[in-house]
Amino acid sequence: MATGIPAALSDLGHLVRIPGMAWPAFDQTQLERSADAVAALAKDTGVFDEVQVLRAAIPGTDEYGQPAVLATRAARNGKPTILLYAHHDVQPPGDDALWETPPFEPTVRDGRLYGRGAADDKAGIMAHIASIRAVSEVLGDDLELGIAMFIEGEEEYGSRSFAQFLSDNKDALRADAIVVADSGNLDSVTPGLTVSLRGNARFTLRVRTLDHASHSGMFGGAVPDAMMATTKLLATLWNDDGSVAVDGMTARDTETPDYSEETLRDEAGLLPGTSPIGDGTILSRIWNKPAVTVIGIDATSVASASNTLLPEVTVVISSRVAPGQSASDAYDALERHLRAHAPFGAELTFSDLDFGDGFLVDTSGWAVGLTRDAMRDGYGVPPVDLGVGGSIPFIADLVREFPEAQILVTGVEDPYSRAHSPNESLHLDTFRNAVATEALLLARMNRREA
């Protein structure tokens, strides 16, 4: 089946050039440009009955979320319906100096397309568009499959209006199977079907020990400053081997594929003298066990350092939660641990709680088998079932709103895609195979009865 890869890559390059970021600090008109560009691609397929750019309210506020694209076509003659998801917003580029080529100028080198969003997740959009083009060209009027396509505009910013969008458009989005094209593969040649995702519990912790700053020479040695208390407290979160030391945070017990320390070092960029952390197989640590990371800290900067005892320090903690445990239960365990281990009676304040539950796929459905077969034929290599250490919290919303639908988490990334990092890239052969896979999946679903 021809998959129109050159045209798809050209369109992907056009999308990459649009710096659509959902954070308020960035130009929000770029997200509107991005949504309009995706809507135009959907209309040009000639497949959809209706294509709209819509926004949904953010619950608990007077605000609306970012523009999303909703394209729909009704099933014909009793055929099933598939919902295709991806997102058109991207992460900020970070320090431009760390990019080998400009982040929003798509550049091909060594078999990869570089640019912010080239992999995460504008390639997911183009995998959907290219596969629809391919099956439409081959099947013509015989294409009777129902297709809904939902391209979100704020996934990187927390999907704040996602649940409301599902509720507002429930009838249009209802499907027998849902493809979430926002994950990855085992490597650049081996396809993966993601069957588990860790959850996430993120919060802000303020540690206070003093009413006001004091001279470190006059009181140091007798008065605990907030930085001392914070570092001692944070250190209790991990065992000596770096594994999580929080009672009540659980792990999932399941087998994982072979994955060597050498591969980890190469893919993660571990420095030669740095050792991996945790226990058990490497993939079990990433897929099935909790992790706790301090991702932000507010304290005196190095440039402004003075001989002063700090009265308070604020940190942001992001914990990854093992599949099968709710994010709220994991947070409760973390809060209990931190309160129990607060040194010197330090005052702790918790705020900005943000939870996202993990996900375990029911692999018994017909759509899972159809997807595995399509992956085998599209890539020419048998697929593997993957766990993912990252989180896609909105999947819990999909499961809640559409409990009968089969969720298929796929993607176009490989371990070298560096999503969210400088020099993000898409492996071109992986993209070709992903498009072929989805085109085969659509064509084979078109033969089924709902």
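In the predicted model, helix H1 (residues 5–16) packs against helix H2 (residues 29–44) at an angle of about 160°. The axes of H1 and H2 are 10 Å apart. An angle over 145 degrees counts as roughly antiparallel, and H1 and H2 are therefore roughly antiparallel to each other. The crossing of H1 past H2 is right-handed. On the H1 side, the contact is made by Asp-11, His-14 and Leu-15, which meet Ala-37, Val-38 and Leu-41 of H2. Sorted by class, the residues of this contact are 4 nonpolar, 1 polar and 1 charged.

Aromatic side chains were examined next. A pair of aromatic rings is described by the distance of the centres and the angle of the planes. The structure holds 11 aromatic pairs. One of them joins Phe-150 and Phe-162, with 5.5 Å from centre to centre and 35° between the planes, and this pair is tilted. Phe-150 belongs to strand E6 (residues 146–152) and Phe-162 to helix H4 (residues 162–168), so the pair ties together parts that are 12 residues apart in sequence. Both Phe-150 and Phe-162 are buried.

Another aromatic pair consists of Tyr-331 and Phe-350. The ring centres of Tyr-331 and Phe-350 are 6.3 Å apart and the planes are at 85°, an edge-to-face arrangement. Tyr-331 lies in helix H10 (residues 327–340) and Phe-350 in strand E14 (residues 347–356); the pair thus links distant parts of the chain, 19 residues apart. Residues under 20% relative accessible area count as buried. Tyr-331 is buried because its relative accessible area is 5%, and Phe-350, at 14% relative accessibility, also counts as buried.

Phe-150 and Phe-162 also take part in an aromatic cluster, together with Tyr-85, Phe-165 and Phe-394.

When residues up to four places away in sequence are not counted, Arg-202 touches Ile-295, Val-316, Ile-317, Ser-318, Asp-352, Leu-353 and Asp-354. Arg-202 and Val-294 are separated by 92 residues in sequence, while their C-alpha atoms are 9.7 Å apart in space.

Key: Residues numbered from 1 in each chain as written. Predicted model: local features only at pLDDT ≥ 70, side-chain atom pairs only at ≥ 80, totals over all residues. Heavy atoms only, no water. Axes fitted to C-alpha atoms, helices over the stretch in contact; angles between N-to-C directions. Helix = DSSP H or I, 4+ residues; strand = E, 2+ residues; numbered from the N terminus. Parallel < 35°, antiparallel > 145°, perpendicular 65-115°, else oblique. Left-handed = near helix turned anticlockwise from the far one by under 90°. Contact = heavy atoms within 4.5 Å. Nonpolar A, V, L, I, M, F, W, Y, C, P; charged D, E, K, R; others polar. Phe/Tyr/Trp six-rings, centres within 6.5 Å; stacked < 30°, edge-to-face > 60°. Buried < 20%, exposed > 50% of the residue type's maximum accessible area, 1.4 Å probe, protein only.
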